[in-house]
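Me: I would like a close look at a single part of this structure, namely the opening helix of the first chain and the open space around it. Please describe that part in one connected account.

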Amino acid sequence: MVGVQQIIEQIKEDWDSKPQADICIDILDYLLRVPTQNLLHISYGSLKKIISQRVEESDLLMAIQYLSGERTPILEVRFEFIEDDEIYSLPNSEIKLARETGQLVHPETGELIDDFEDKTYMYFEPSQLAKEIKKSDA
Amino acid sequence: MPEENFSLRDLRMMGKVDPIINRFLDRILVEKYDEFIETLYQDFDSIITLIQANAELRQNDSEDRLTIDIKNQLNCMGYAASHEEKHGGHTDLLVKKCNYIWIGEAKIHRDYEYLWKGFLQLSTRYSTGDIDQMNGGMIIYIFNQDTRSVMETWQNRLKENYPSCDIRACERRPLAFFSSHIHEKSGNPFLIRHMPVILYFKPKDRI
């Protein structure tokens, strides 16, 4: 299994002097530092807050894409549908279908929702790899 | 929207001005092999566009330098890309995602025999043509003028050297094309995208 130092080196190798290098390292540090029970649902806003410097939205998104990708997979991207204070987790297959058809099937009522993009949000969880690194690092 | 959340609409709006962000969800949601290939080729086109936009800075770049830059950009997009990874030999570019593999052979265009050698390396040495790697690519760095003519000649040479090879146009990028032939190892059709990178740079405004 890869270790923390190896991941940091990989991040630096891939991003060099770009702002995403620091963003990725801040997110990695957050995942390792915060107790696992507090990382079950990480909002986009929470990720933004833990970054030590002000960042462009696109830089943060690219860092998220990288950390949830194949090479440095420490973050899982999840989706949730929020309507009238009710929150429903959505599997990726539902998001794919909704993008293809332009309509989301309401997780409870089964009704078709046209404006699902306004009510569907990303959130994040530590990946299995992040959890293993955290355990071995403890 | 709740202030600290980020909706799919926010993502789509950002994607309208940033082609890399535009395919954020496509990359996250890749499950099937065809989705992997489609997303990868769109990402290749974005990367190639960026390289071509600064051709003046690339005039002394080697094959390896150019390929390593492509590899780095793919890694930043969430792929696991490598250069010189051992896979039946040292591949120029190996890209992995969701247990799928794509292998690319990168060549600076010197002559068509050199491209043919690259085609053979890709088809008969590095790839297996199995179900997880039914596609591959030729990345052709072209420092000569008239890329269209180079690609047309290369297409004709390919047909001469490999008469049973099928050629079809690439709709998204007309300078590129696809070839398909039966892979010797797997017996499956093996589809290769031939992608030029335009690097000719001889401005005439200051002569």
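Reply: The account below takes the helix, then the pockets.

The model is a predicted one. In chain A, helix α1 spans residues 4-15, which makes 12 residues. From its first C-alpha to its last the helix reaches 17 Å, close to the 16 Å expected at 1.5 Å a residue.

Seven positions of α1(A) are buried, each with under 20% relative accessible area: A:V4, A:I7, A:I8, A:Q10, A:I11, A:D14 and A:W15. Around the axis they cover an arc of only 160°, which puts them on the same side of α1(A).

The packing partners of the buried residues come from both chains. Within chain A, the buried residues of α1(A) pack against α2 (19-33), α4 (57-67) and α7 (128-137). From chain B, α5 (63-76) also packs against them. Just after α1(A), the residue A:D16 takes a positive phi of about 55°.

At least two lining residues of the largest pocket come from each of α1 and α4 of chain A and α5 of chain B. The most is given by α5(B), with four residues. By class, the lining of the largest pocket divides into six nonpolar, five polar and eight charged residues.

The second largest pocket may be set beside it. About 360 Å³ of space lies in this second pocket, and 17 residues line it. Nearest its centre lie A:S68, A:G69, A:E70, A:E76 and B:I28. Two or more residues of its lining are given by each of β2 (75-83) of chain A and α3 (24-28) of chain B. The largest share, four residues, comes from β2(A). The lining of the second largest pocket has six nonpolar, six polar and five charged residues.

Technical notes
Residues are numbered from 1 along each chain as its sequence is written. Chains are lettered from A and ligands numbered from 1 in the order in which they are written. This is a predicted model: local features need pLDDT of at least 70, side-chain atom pairs count only at pLDDT 80 or more; totals for chains, interfaces and linings use all residues. Side-chain values use heavy atoms; hydrogens and water are left out. The expected span of a helix is 1.5 Å times one less than its number of residues. Buried means under 20% relative accessible area, exposed over 50%, partly exposed in between (1.4 Å probe, protein chains only). The arc is that of the directions from the helix axis to the C-beta atoms. Contact means heavy atoms within 4.5 Å. Ala, Val, Leu, Ile, Met, Phe, Trp, Tyr, Cys and Pro count as nonpolar, Asp, Glu, Lys and Arg as charged, and the others, Gly among them, as polar. On a 1 Å grid over the protein atoms alone, a cavity is a set of points where a 1.4 Å probe fits but cannot get out, and a pocket is an open set with protein on both sides within 12 Å along at least five of seven lines; lining residues have an atom within 4 Å of a point. Grid points are joined across faces, edges and corners, and a volume is the space filled by probe spheres set on the points.
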